[in-house]
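Visitor: I would like a close look at a single part of this model, with the residues named. Please show the structure and then take my question.

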Amino acid sequence: MFVQFGLADDKPVPADYDGDGRTDIAVYRPSDSTWYIRPSTTNGFYALRFGLPDDKLVPADYDGDGKADIAVFRDGDWFITRSSDNGFTAFHWGQAGDKPVPGNYDGDSKADYAVYRDGIWWVFRSSTNNYTSTQFGLPDDIPIPFVSNQ
């Protein structure tokens with residue numbers, strides 16, 4: 001299937017934003033800090049301004065409702081719009097230069113705040129409100145977490 005959606009300078013941010021178990025086509029446009037999302041359940045799209053042009057984009061299901069939340073990481077701070085109630089969460093975990101690697105590391109159906117720094121994975125677990133660290137990789141590695149809605 002061929003779908004044209006977005007502009008040349010947009011950044012892809014695919015995730016399951018509508019909670020149907022399928023990844024939705026989505027882009028972030030740095031020029032106007034807008035997320036454009038095309039849910040798999042409709043033929044339309046919606047847009048939401050959120051973040052700054054240099055933010056790291058980290059959509060994931062942080063509130064555990066089965067839908068990806070629009071989220072950004074900025075120098076150790078996480079900013080999230082919750083899909084469950086359209087509320088806002090700000091959380092500090094990490095520091096400037098960290099590579100954000102959110103994922104459901106503890107199996108509780110919520111994405112955990114996590115960063116990769118110098119070969120160490122720092123994970124703040126949502127189930128225990130505590131952190132773990134694991135050395136795995138080399139300082140220059142590029143971590144690629146798998147984020148699942150299931």
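Visitor: Which residue in β4 is the bridge partner of W35?

Guide: The model is predicted. The bridge partner of W35 in β4 is L48. The two strands concerned are β3, residues 34-38, and β4, and they run antiparallel with four bridges joining them. Both belong to an open sheet of four strands, paired antiparallel in the order β1-β2-β3-β4. Two of these strands, β1 (11-12) and β4 (46-49), lie at the edges, and each of them pairs on one side only.

Aromatic residues can also be followed further along the sequence. A pair of aromatic rings is described by the distance of the centres and the angle of the planes. The model holds 15 aromatic pairs, with ring centres within 6.5 Å as the cut-off. One of them is W93 with Y131: the ring centres are 5.7 Å apart and the planes stand at 45°, so this pair counts as tilted. W93 sits in the loop between β8 (88-92) and β9 (99-100), while Y131 belongs to strand β12 (residues 130-135), so the pair ties together parts that are 38 residues apart in sequence. W93 is buried, at 16% relative accessible area, whereas Y131 is partly exposed, at 46%.

Y131 also pairs with W122; here the ring centres are 6.1 Å apart and the planes are at 40°, so this pair is tilted as well. W122 is partly exposed, with a relative accessibility of 22%. W93, W122 and Y131 are among the members of one aromatic cluster, which also includes Y62, F73, W78, F91, Y113 and F124.

Terms used
Residues numbered from 1 in each chain as written. Predicted model: local features only at pLDDT ≥ 70, side-chain atom pairs only at ≥ 80, totals over all residues. Heavy atoms only, no water. Pairing = 2+ DSSP bridges. Phe/Tyr/Trp six-rings, centres within 6.5 Å; stacked < 30°, edge-to-face > 60°. Buried < 20%, exposed > 50% of the residue type's maximum accessible area, 1.4 Å probe, protein only.
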